[in-house]
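Visitor: I would like to go through this model and ask what stands behind each label. Please show it first.

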Amino acid sequence: MMAETTSGKVTTREGAPAGGGLPSPRAKAPGTRLSVNLRQSGIYVAFALIIVLFSVLTGGELLSPQNISNIMVQNSYVLILSIGMILIIIAGHIDLSVGSVVALCGAIAAVLMVEMDTPWPLALLVTLVAGALIGAWQGYWIAYFGIPAFIVTLAGMLVFRALTLTVLGNQGIGPFPDEVRTLSNGFLPGYLGNIGLGPLGGADLFTLLLGLAAVAGTVGTQWRARQGRIGYRQQVDALPLFALKMAAVAVVVMTVVVQLARFKNLPWVLLLLALLVLGYTLLTNRAVFGRHIYAIGGNVHAASLSGINVKSVTFWIFVNMGVLSALAGIIFAGRLNQAGPTAGNGFELDAIAAAFIGGAAVQGGVGKVVGAITGGLIMAVINNGMSLIGAPSERVMLFKGLVLLAAVAFDIWAKRRAGASAG
């Protein structure tokens, strides 16, 4: 595993002392900190400021129940792609083909369900397998043949777009079955009925309970992580600062959940996205495979010398990207109720931007799934907010480009500042 230097002592990413073994009982704990780590927390502060800005500019319409629901549903496929993209960027690679893979997999699903009358569960399974095979094809050339990911996926962007046009015959295919459209645009039914929230009106009780469970799970997980760091004599946030962060998380989550509960309850696609975020967060933070991804991105030669099968890990993260691209393709086609030859245009740029805005490092080795989701939501809020105020498309692109540049510049500045402080 990679090593980090903290206060002159070398520790592994899990926090155990380098060289193995448990920390000495007489080792002095580094204590607590009252300051906020800008590199880790800056993205969330920026997200909050962007929300406040557009809330003011739109007269509060940005945070209306229907608009919050629209933001989640309309950008779900980019958020799914950003999960796979952050793993690839952490490992030091890039994938330019995901937009074309989204289009191709949507086309495959459409042909199976619409033209061949394949039962939709089987069609979805075949489409996901097709995405995995596409990822395996690219992963082979990158991992085992040694061609840079930039070149392989650039070729893939062209090849898979051509295959999409071939499969569709340069025309759209639809409509999709109701079940697929429900996954993309539908909402959970109200299992427990509504509950009054005073001036806010009625809200679905089941949705509110899910929100409270999510908050409790997040706080519990973060508390256990904090106690684990204390056990390894690592520096942690002071208790008041930790409590303030958890309160902020609770307020944000419950604000979104309450607004969704007031509209049409939780979208199915949001529930799917939450499961993906939970699963991939556990993969990157707890699983050996996830730690290998970080090790490869931090120093591929050191990772290889430490016994990590770099080729295998690289291969499987591209297979994973193919599966997530297929899932995004199904959801996007279901939302539009047809698979089109231009589907997925620019999706790769949105996914890459989400990862970098969310804190991924250009050199690899750094990044979080939650950060990528936050980066994707920043892009979504910018798109939605500027649409609400009637901004022209060129101004939207200008603003998004400046935000991406600022995020990468901030990452480089933070690393230089940390290096100067360490020196």
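Guide: Start with surface. Accessible areas come from the Shrake-Rupley method with a 1.4 Å probe. For this protein, the accessible surface comes to about 20,400 Å². Carbon and sulfur atoms hold 66% of that surface. Keep in mind that the model is predicted.

Visitor: Why is Thr-284 called buried?

Guide: Buried means under 20% relative accessible area. Thr-284 has a relative accessible area of 3%, so Thr-284 counts as buried.

Visitor: Where does Thr-284 sit, and what does Thr-284 contact beyond its neighbours within four places in sequence?

Guide: Thr-284 belongs to helix H10, residues 268–286. Contacts beyond those neighbours are Leu-87, Gly-290, Arg-291, Tyr-294 and Val-369.

Visitor: How much of the protein counts as buried?

Guide: Of the 423 residues, 45% do.

Visitor: What makes a set of residues a nonpolar core?

Guide: The members are buried residues such as Val, Leu and Ile, joined through side-chain atoms within 4.5 Å. The largest such core here has 78 residues. Among those with the most contacts inside this core are Ile-80, Ile-83, Leu-273 and Ile-378. Helix H3, residues 76–90, gives the most to this core, with twelve residues. Another core, of 15 residues, lies apart from it and includes Met-113 and Leu-168.

Visitor: Which residues does Ile-83 touch, not counting those up to four places away in sequence?

Guide: Ile-83 touches Leu-273, Leu-276, Val-277, Tyr-280, Leu-324, Val-369 and Ile-373.

Visitor: What share of contacts between residues at least 6 apart in sequence joins residues at least 24 apart?

Guide: The share is 77%.

Conventions: Residues numbered from 1 in each chain as written. Predicted model: local features only at pLDDT ≥ 70, side-chain atom pairs only at ≥ 80, totals over all residues. Heavy atoms only, no water. Buried < 20%, exposed > 50% of the residue type's maximum accessible area, 1.4 Å probe, protein only. Contact = heavy atoms within 4.5 Å. Helix = DSSP H or I, 4+ residues; strand = E, 2+ residues; numbered from the N terminus.
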